[in-house]
Amino acid sequence: MGREELSKVYDSKDVEDKWYQRWLDEGLFHAEDTSDKKPFSIVIPPPNVTGILHMGHALNNTLQDIIARYRRMQGYNTLWMPGTDHAGIATQNVVEQELAREGMTRHDIGREKFIERVWEWRKKYGGVIINQLHKLGCSCDWSRERFTMDEGLSRAVREVFVRLYNDGLIYQDDYIVNWCPRCHTAISDLEVEYEEEATSLWHIRYPYADGQGEIIVATTRPETMLGDTAVAVNPDDERYADVIGKDVILPIVNKRIPVIADDYVSRDFGTGAVKITPSADPNDFAMAQRHNLEVITIMDGDAIINENGGIYQGQDCYTCRKNIVEDLKAGGYLVKTEPYLHNVGRCYRCKTIVEPAVSKQWFVKVKPLARTAIAAVVKGNTKIVPPMWESTYFDWMDNIRDWCISRQIWWGHRIPVWYCGECGKTIVATEDPDRCPGCGGGSLMQDEDVLDTWFSSSLWPFSTMGWPDKTEALETFYPTSLLITGFDIIFFWVARMMMMGMYVMGKAPFADVYLHALVRDEKGEKMSKSKGNSVDPLEMIDKYGSDALRFTLAAFTAQGRDVKMSEERIKGYGYFVNKIWNTARFSLMNLEDYSGGNAPEKEECSLCDRWIRDSLNSTVKDVINHLDAYRFNDAAARIYQFVWHEFCDWYLELIKPALYGKRSPQEKLSAQYTLLTVLKTSLQLLHPFMPFVTEEIWQKLTGDDGYIMVSRFPEPDDSLEDIDARNRMELIKSIINSVRNIRGVMNITPSKKLRVLISVPDADALSVMETGKGYVLDIANLEDLAIEIDAPEPKGSATGVVDSVKVYVFLEGAVDVAAEKERLEKEIKKFEKDLGIVSKKLGNRDFMEKASPEIVEKEETKFSTLKEKRRVLEDALNRLRDMA
């Protein structure tokens with residue numbers, strides 16, 4: 001046949017770079033803007049330009065690549081749109097750290113020079129993660145790679161901002177926002193991560209201004225009392241019914257503030273009376289607006305007490321808190337202090353504690369946008385998979401707050417708003433204005449803030465395809481077919497893309513949204529470098545190859561469950577890659593004298609040929625169904641089961657006599673045709689999961705027959721369904737396994753030839769067994785095999801039962817009875833000892849109460865397994881005793 005041999009050992013390092021470059025050179029990842037083929041499109045969740053490939057990226061991009069390669073092989077005009085995100089705060093932080101090492105800050109070099117510095121950094125390091133995605137095998141159309149700050153996307157950002165503003169959906173207002181003192185910017189509610197921390201609850205005495213008593217309030221932040229403008233109680237709280245409207249004296253500050261009534265106040269928190277600091281709490285700010293209270297800002301952008309803090313000016317909030325508590329004690333205002341647990345918000349980027357701050361910010365009015373995005377899912381225009389996430393999506397959308405989109409940093413899309421220095425007019429425009437359209441003056445100042453990174457990301461599905469221009473790419477590929485992303489950014493990104501897609505394009509941006517879980521360690525714990533439990537995907541690719549990593553990720557991606565990952569699991573699927581390689585080597589060696597030909601007729605095929613073709617056809621059906629439903633783990637498991645256990649473990653062994661010339665020439669030709677067909681089809685099924693090893697084998701197997709990645713994905717063929725062959729082979733395999741089990745229990749070596757009698761219930765079963773007699777003789781390594789209807793149990797035999805068929809293995813001459821009895825007795829004693837240990841543990845109340853359910857279940861399973869093994873050995877021992 002003239003095929004090139006495979007090397008003895010598979011070397012992923014040699015193979016992966018070679019084929020990836022070839023695919024790039026041939027333009028095989030490229031999608032056509034106009035094509036007769038049905039379109040399929042998917043946009044990559046753009047990794048941060050600062051990013052380095054971690055296991056979350058590896059999972060997300062592996063799943064995307066599996067689907068992209070699958071659809072491409074099915075004949076779709078497949079676009080996988082790549083790109084990176086400018087990551088405003090993260091990238092600015094990186095460059096600021098560079099400057100700090102040089103002894104400078106961004107303010108030392110100014111905004112323009114700083115932006116130049118960031119672009120230089122991006123040029124130098126921004127492509128790192130893209131190169132790492134190449135290592136993973138990602139088949140993106142790299143000719144279309146986009147960046148959220150490139151010229152086209154910047155134009156789209158301005159266009160959408162102006163439209164929203166003109167439609168009354170963007171506004172500027174003084175509002176309380178989450179302020180990061182480290183990043184010096186406002187951040188959205190979603191960008192705050194909460195952690196429960198132990199602190200104190202201080203109870204403070206606020207005397208009535210008339211000297212007639214006092215009211216006691218409880219707070220976790222006594223330093224904020226410097227900005228108190230009221231004390232609030234619930235209007236239905238009878239304890240305070242007669243004090244509403246009175247004034248109290250604010251301790252330390254020594255000024256009068258009112259007692260107000262508001263439904264927001266919980267009667268059950270602390271004393272039922274709370275201090276109101278509008279500048280330090282969103283709920284207090286809302287209350288201040290309802291009651292027309294003064295808003296007093298007490299901290300600057302660095303979380304340092306400002307001039308409104310009096311004697312505490314210049315102190316950080318923690319020093320101020322300590323000093324105020326001491327002063328409250330000294331003044332007799334501190335009633336008591338008690339331990340308290342509460343959630344503390346931290347910046348998701350730098351982990352600094354976030355401070356509420358009142359400042360002028362830009363907001364998107366999202367309620368109207370949310371309504372259309374909700375309707376798209378309700379109507380089924382967009383399907384969320386798994387559906388368990390729909391309720392989360394709806395709940396957040398129903399309760400959505402206006403989105404703060406301004407950030408007080410320099411790197412990002414600068415807000416397209418200008419202020420006229422002569423007439424004060426605000427100008428919102430897509431192009432930089434030269435003069436004021438109101439007064440004609442030329443003294444214009446652009447807004448200093450930039451837009452939230454997620455603003456540009458929310459336009460990603462259509463801005464990457466050329467919008468606001470009406471491009472052929474948009475016409476062909478929008479709405480996109482699928483989005484694959486982590487559930488953790490459903491609010492950050494998915495919901496906002498849905499809103500913007502509906503607003504700008506009038507159509508939901510995705511037909512399907514598949515939300516995968518997080519990658520954790522094998523115990524289900526979060527991976528982190530500090531814990532030492534993180535798995536580096538680049539290191540795994542270097543050690544085991546990209547294919548092993550990809551297949552492992554797919555195999556453990558079950559819908560709605562976290563992916564538990566370990567190096568051992570990746571190593572295990574590395575063995576699977578080697579199994580495929582060795583199977584291909586064996587096949588190629590045994591196809592050397594095969595010259596090809598048409599498929600043999602069914603009656604010309606051996607039973608095992610018919611069986612494996614039926615099994616392969618069933619596998620093709622299952623894999624297609626699983627991939628269409630995004631059940632990646634089920635698809636991977638089905639392929640693994642077929643390739644390793646049915647094709648390699650059984651079929652290759654069953655056809656060896658035919659391949660080695662011990663059967664008829666026709667049976668050999670049938671075996672070679674089937675072997676080649678099954679191997680090629682298996683490689684095609686595997687390709688989306690394992691692109692590199694499959695391409696290497698395919699090229700050696702098919703010669704000039706093109707690339708596997710653009711070959712046609714297998715389709716089911718009803719003519720290959722063969723229930724009769726399936727049932728016959730299942731019985732034959734079960735009988736072979738029964739003989740193997742008896743060998744194992746009786747400690748008979750595999751090389752020892754045995755005599756076996758099979759008792760069948762009727763003539764039909766006799767016919768099946770006569771057809772498969774040669775398989776049983778060869779695979780079970782038998783000296784003699786007799787098949788009879790209702791044969792009596794012979795003396796000196798071990799029995800196996802397969803449905804209504806009995807398998808009798810003659811032990812005389814195969815077993816040293818005395819030695820085997822002694823071995824079995826020792827084994828049984830060992831099992832009894834192990835059973836005693838496990839039984840004692842399960843009977844220990846302390847263990848059962850304290851151990852996790854998983855550990856208890858593991859011990860219970862261990863107990864059942866040990867009992868069953870002991871029973872099998874006892875049966876074998878009794879049989880040997882009967883023989884004696």
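Strand β7 gives the largest share of the lining of the second largest pocket, six residues. What you have here is a predicted model, in which local features need pLDDT of at least 70 and side-chain atom pairs count only at pLDDT 80 or more, while totals for chains, interfaces and linings use all residues. Residues are numbered from 1 along each chain as its sequence is written, and side-chain values use heavy atoms, with hydrogens and water left out.

Back to that pocket. Its volume is about 1200 Å³, and 38 residues line it, with T220, R221, A280, D281 and H342 nearest its centre. Besides β7 (192-207), the elements giving two or more residues to the lining include β8 (214-219), α7 (282-291) and β13 (334-347). By type, the lining splits into 19 nonpolar, 11 polar and eight charged residues. Here Ala, Val, Leu, Ile, Met, Phe, Trp, Tyr, Cys and Pro count as nonpolar, Asp, Glu, Lys and Arg as charged, and the others, Gly among them, as polar. A pocket is an open set of points on a 1 Å grid where a 1.4 Å probe fits, with protein on both sides within 12 Å along at least five of seven lines; lining residues have an atom within 4 Å of a point.

Of its 884 residues, 53% are buried, meaning under 20% relative accessible area with a 1.4 Å probe. Helix α16 (residues 546-555) is largely enclosed by the rest of the structure, because 10 of its 10 residues are buried. Among them are D547, R550 and F551.

Now for two helix pairs, with axes fitted to C-alpha atoms over the stretch in contact and angles running from 0 to 180 degrees between N-to-C directions.

| Helix pair | Axes | Angle |
|---|---|---|
| α1 (12-26) and α21 (691-702) | within 9 Å | roughly 80° |
| α6 (151-166) and α14 (490-505) | 12 Å apart | about 80° |

That makes α1 roughly perpendicular (65 to 115 degrees) to α21. In this pair, V15, E16, K18, W19, Y20 and W23 of α1 meet P691, F692, E695, E696 and Q699 of α21, where contact means heavy atoms within 4.5 Å. The residues involved are six nonpolar, one polar and four charged.

Helices α6 and α14 are likewise roughly perpendicular to each other. V160, R163 and L164 of α6 touch M500, Y503 and V504 of α14, giving five nonpolar residues, no polar and one charged.

Note on methods:
Points joined across faces, edges and corners; volume = space filled by probe spheres on them. Helix = DSSP H or I, 4+ residues; strand = E, 2+ residues; numbered from the N terminus. Buried < 20%, exposed > 50% of the residue type's maximum accessible area, 1.4 Å probe, protein only. Parallel < 35°, antiparallel > 145°, perpendicular 65-115°, else oblique.
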